[in-house]
Every structure is written in C-alpha cells, then in structure tokens.
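Good morning, colleagues. Please turn to the structure on the screen.

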Amino acid sequence: MSYTALYRKFRPSTFEEVKGQDHIVQTLTNQISANRIGHAYLFCGTRGTGKTSVAKIFAKAVNCEHPVNGSPCNQCDVCRGINSGSSMNVIEIDAASNNGVDNIRQIRDEIQYTPSSGKYTVYIIDEVHMLSIGAFNALLKTLEEPPSYVLFILATTEPHKIPITILSRCQRYDFKRIPIDTIADRLMELMEKESINVEEKAIRYVAKAADGSMRDALSLLDQCIAFYLGQKLTYENVLEVLGAVDNEIFSRLTRSVIEGDVVSCLNLLDEMVMQGRELGQFVNDYIWYLRNLMLIKTSDGAADMIDASAERIQALKEEAQMTDTDVIMRYIRIFSELSGQIKYSSQKRVLIEIALMKLTKPAMENDISSLSNRMAIVEKKIESGQIAAAPVNIPENRQEEPKPKKVWEKPVPSDIQEVVNNWGKIRRHISNPYKSYLENCRFSVKGEDTLLIVFPPGTIGYEGCNKPEVIEMLTNIISEQIEKQVKVEMTILENNQSFHDYFMEVVSKINMEVEEEDF
C-alpha cells in the first residue's frame with residue numbers, strides 16, 4: 001500500500017478533532033443541533049487552518065443519520081459514502097480550474113434534482129475568489145433563492161476579492177491562525193500514534209515555522225521524519241532539514257552588530273551559507289529575533305510573550321542593555337526592507353551583506369534613526385574614554401587678538417559640574433526630538449543650584465525644549481543618573497550676543513571635536 005502523507009492521514013473527520021477553531025465549531029454544532037442550518041456559508045482564512053476540512057465535516061453532519069452533539073457519526077451509510085468520495089450528496093468544485101460561467105450554469109441545472117439519499121446536496125466551492133465576474137453573476141441568483149435541500153459552502157483565502165453581493169448572502173466565518181501551542185500539542189499527539197521519537201523542542205520549532213497552519217506543520221514534520229527515518233528527530237535535525245538558523249547565531253550576530261564588527265558579521269553569514277541555510281528564511285527569522293529584542297527592551301513583562309527558553313530570554317536582556325530602542329527599530333526597518341527585496345533577487349547574499357554593513361555602519365545612511373545610532377556610538381566611546389578632545393591649532397601669524405572673556409568670581413557648584421561631566425550619559429536617556437534639540441546647546445550656571453542651558457541664536461531647539469513638561473522630564477532624568485536634585489532653566493542668545501560676554505561656561509566632556517571616522 002502506498003504511503004499517505006501525514007496531513008491527509010490525520011485530516012479531521014469530526015468536529016472534536018478540529019483544533020484552534022473552537023468559535024466556528026461551536027456555532028456550527030449549535031446550528032445542526034437546533035436545526036437552524038443556513039443555505040450559504042463563507043469560510044475565510046489563511047492556508048491550512050481547516051476551511052475545507054470543516055466544510056466536509058459540516059456536509060457529513062447535516063446529512064448524518066445519527067449525529068452526535070451536532071457532529072457526524074462516521075458510521076452510517078451516508079457518512080461512509082461521503083468519506084469514501086462515492087456519495088452524490090457532496091460535490092467539491094475547485095474554482096481555480098472551474099471558474100467560467102458554464103461551470104456555474106451546470107450547478108444551476110443540477111440543483112433541480114433532489115438528493116437520492118440524505119437531506120442536503122452540499123456544494124463545496126474551494127478558492128471561490130478565482131471565479132470570473134460572469135461566474136459570480138451566474139452564482140448570485142442561485143445563492144439568493146436556492147432550493148431548500150441545497151447548501152453552498154464557499155472557501156477562500158482572499159475574501160476581499162469576492163463581490164459584496166455574494167458576501168451579503170452568506171454566513172461568514174473567519175478561520176484564525178492556529179496558536180503554536182495548539183499545533184505543537186497536536187503534533188506530539190500524532191507522533192505518539194505513529195510511534196516516532198521526537199524532541200519537544202523540535203516539535204515547537206516546526207509549529208512556529210508553520211506560521212499558524214496545521215497542514216504546513218504536518219508537511220514540514222513529514223519532511224523532517226523522512227530525512228531522518230528510523231532516528232530520533234532532534235532540534236538540530238529540524239534546523240538542518242528546513243535550512244533554518246539557531247537563535248544562538250542570531251545572538252552572536254546581534255552582539256557583533258552592536259559592537260560595529262563588520263568582519264564578524266560577514267563571517268557568520270558565510271558560515272550560514274556554507275551550511276546551506278536558506279537566506280530568505282534567515283532574514284525573516286532575524287526580524288522576529290529583533291522583534292523579541294525590542295519587546296524585552298520596552299516592556300518588563302515581555303518575557304511571557306516570547307516563545308524562548310530562560311537562557312535565551314536572559315541573553316536577550318543582556319543585548320537589550322547594550323543598545324537603545326530607536327537603534328533596534330532601525331535594525332528592524334533595514335531588515336524589513338531587505339525582506340521585500342530578497343524575494344525576487346538572484347544575489348541574496350550580496351543584499352544581506354549590504355544590510356549588515358548598514359547595521360554596523362550607520363554613517364552609510366542619512367535618516368534621523370541612523371543619526372541617532374551614530375550619536376549613540378559616539379556617546380558610548382566618550383564614556384569609555386576611547387575619544388579624546390582634538391587639540392586646537394592656533395595660527396602663529398594671527399594678528400587679531402582674542403576678545404578677553406568676562407571674569408567670573410564664583411566657582412562652579414559641584415552638582416552643576418557633575419551634571420555637565422555626565423551629560424553624555426544623561427543625553428542617552430532623552431528621547432527624540434529633544435535629544436536633537438539639545439545637541440548644540442552650551443552650559444552655564446545660575447545661582448547655587450541651577451543649570452542654565454543656553455541655545456545658539458536662530459535655533460528651534462529653545463522653543464521645543466523651553467516647556468514645563470520638557471524641563472520636568474529633563475530634571476527627572478538628571479536626578480536618576482547622578483542621584484542629585486538640580487534645577488534646570490533655559491535661555492537663548494540674541495543674534496548680536498556673545499556667549500562668553502554674558503555667561504560663564506561650564507566645560508563639558510560632550511562639547512568637543514570628534515573626528516568624522518568615529519561616526
């Protein structure tokens with residue numbers, strides 16, 4: 001006897017076997033039990049979520065001689081005939097290959113005859129959105145006033161392509177993507193029936209790769225079992241068969257990107273290519289990894305939303321502390337754009353290499369997010385002491401004498417000086433656009449405990465920052481970072497004013513020249 005694929009062998013035959021669509025199963029069984037059966041149904045949803053299977057079960061249930069709680073018994077002659085495909089009560093039509101007016105006219109001619117057995121003649125039209133406009137128009141009158149013994153079940157993955165006149169005559173049921181836990185539980189149940197030894201971690205990865213489709217999960221699992229026939233199916237085996245990448249590789253890649261190590265990133269990519277990993281799948285999986293990283297960075301309770309081990313969650317938390325939220329969002333944007341480009345490209349590796357270079361070298365882009373990434377890199381180097389102030393070269397033949405600065409008698413309060421010395425650290429916690437507004441400001445002191453932020457003339461930063469809520473935010477950030485309370489005030493220079501004539505400058509580590517290559 002020839003081998004039967006898992007998704008065909010274990011196709012649900014009763015409503016109880018349908019997984020992940022409880023809201024639809026409950027409604028249909030209630031209709032059957034109460035004899036409130038409609039004449040036209042529309043089943044919508046992505047591939048492999050059970051549309052056709054539920055349609056066949058429903059067709060059996062409405063014709064079953066001995067239904068059990070609205071579900072078919074699978075024992076009576078009608079049920080056995082439908083299961084074997086010999087019954088004339090259920091007629092399946094593939095609209096992708098039978099989409100003309102003549103095909104629908106044939107249905108209109110056939111429905112004049114009552115069923116030879118059972119109560120209903122059920123027409124299941126799969127991929128109904130493929131029907132032509134003429135075919136839809138021919139179907140319209142039949143759907144509006146069908147005979148009492150005729151039942152239509154339309155199935156589609158693209159309901160937006162169906163005319164509203166058809167939609168309004170059907171009861172619509174939307175099939176949801178099946179959760180990973182539900183798919184994994186079902187796969188483990190079937191593997192026990194098949195007496196196949198499989199790691200739970202391998203099953204969960206297959207369930208995740210199926211993207212909510214039970215049929216895809218069974219097909220992928222079938223492929224993995226066939227490759228390692230007679231052996232225990234492990235997580236590493238599944239990764240190898242599906243051309244997928246382990247999360248440990250993503251962790252190493254992310255840390256290399258944050259550190260700006262282009263060579264390590266390209267070496268990791270070369271390692272994956274040599275292992276035969278599928279590059280399109282790698283891009284999509286890495287976007288998902290970055291999504292998890294962003295959740296960890298922005299939410300304290302995000303660990304419950306991520307399907308990963310405790311060790312992987314801890315690694316994500318460490319990586320989240322190494323970078324900023326806007327930088328992670330920039331990473332996601334670059335790889336999302338890459339995902340759309342790579343589908344139709346013959347040079348996938350080159351595109352991925354360019355994307356990795358963009359991640360590690362934000363100077364390659366000129367948008368706001370890249371500028372923020374560059375500033376974050378510079379600030380980190382300043383804090384670690386990797387950047388020193390550039391020496392100021394004064395020409396010897398300079399004839400014009402510098403204007404003498406105003407002499408200030410009072411020393412700078414230690415708290416104010418500490419704020420300015422730690423400004424790079426403080427600025428990292430200020431969100432945009434205020435971080436950009438404060439980029440060119442200078443610092444002075446007012447009274448005993450007030451930091452005076454002075455904006456250059458003609459800048460929009462003063463208007464954007466000189467607001468009570470912004471000053472309060474800045475005061476709170478300063479207090480959290482240096483653990484001291486300092487008042488903050490802001491002012492702006494007039495066009496004819498000189499900073500040193502009116503204010504005492506507080507030297508800041510952040511106000512110094514930085515070579516362009518460091519960006």
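**Salt bridges and a helix pair**

Let me begin within a single helix. Arg-105 and Asp-102 form a salt bridge, and their closest N and O atoms are 3.9 Å apart. Please bear in mind that this is a predicted model. Both residues belong to helix H5, residues 101–110, where a spacing of 3 residues amounts to about one turn of the helix. How exposed are the two partners, Arg-105 and Asp-102? Arg-105 has a relative accessibility of 46% and therefore counts as partly exposed. Asp-102 reaches 59%, so it counts as exposed, the cut-off for that class being over 50%.

I turn now to a pair that spans the chain. Arg-47 and Asp-216 are joined by a salt bridge between their side chains, at 2.7 Å from N to O. Which parts of the chain does this pair link? Arg-47 sits in the loop between strand E1 (40–44) and helix H3 (51–63), while Asp-216 lies in helix H10 (residues 214–227); the two are 169 residues apart, and the parts they link are distant in the chain. As for accessibility, Arg-47 is partly exposed at 40%. Asp-216, by contrast, is buried, because its relative accessible area is 19% and the buried class covers values under 20%.

A further pair consists of Asp-174 and Arg-172, whose side chains meet in a salt bridge at 3.2 Å, N to O. Here Asp-174 is partly exposed at 40% relative accessibility, and Arg-172 is partly exposed as well, at 44%. There is also a network of salt bridges, which links Arg-186, Glu-189 and Lys-193. Across the whole structure, the search finds 18 salt bridges.

My last topic is helix packing. Two packed helices are described by the angle between their axes and the distance between the axes. For helix H13 (residues 262–274) and helix H17 (residues 348–360), the axes come within 10 Å and cross at roughly 155 degrees. H13 is therefore roughly antiparallel to H17, since the class takes angles over 145 degrees. The crossing of H13 past H17 is right-handed.

Which residues make this contact? On the H13 side they are Val-262, Cys-265, Leu-266, Leu-269, Asp-270 and Val-273; these meet Arg-349, Ile-352, Glu-353, Leu-356, Met-357 and Thr-360 of H17. Sorted by class, the contact between H13 and H17 comprises 8 nonpolar residues, 1 polar residue and 3 charged residues.

Thank you for your attention.

Note on methods
Residues numbered from 1 in each chain as written. Predicted model: local features only at pLDDT ≥ 70, side-chain atom pairs only at ≥ 80, totals over all residues. Heavy atoms only, no water. Salt bridge = Lys/Arg side-chain N within 4 Å of Asp/Glu carboxyl O. Helix = DSSP H or I, 4+ residues; strand = E, 2+ residues; numbered from the N terminus. Buried < 20%, exposed > 50% of the residue type's maximum accessible area, 1.4 Å probe, protein only. Axes fitted to C-alpha atoms, helices over the stretch in contact; angles between N-to-C directions. Parallel < 35°, antiparallel > 145°, perpendicular 65-115°, else oblique. Left-handed = near helix turned anticlockwise from the far one by under 90°. Contact = heavy atoms within 4.5 Å. Nonpolar A, V, L, I, M, F, W, Y, C, P; charged D, E, K, R; others polar.
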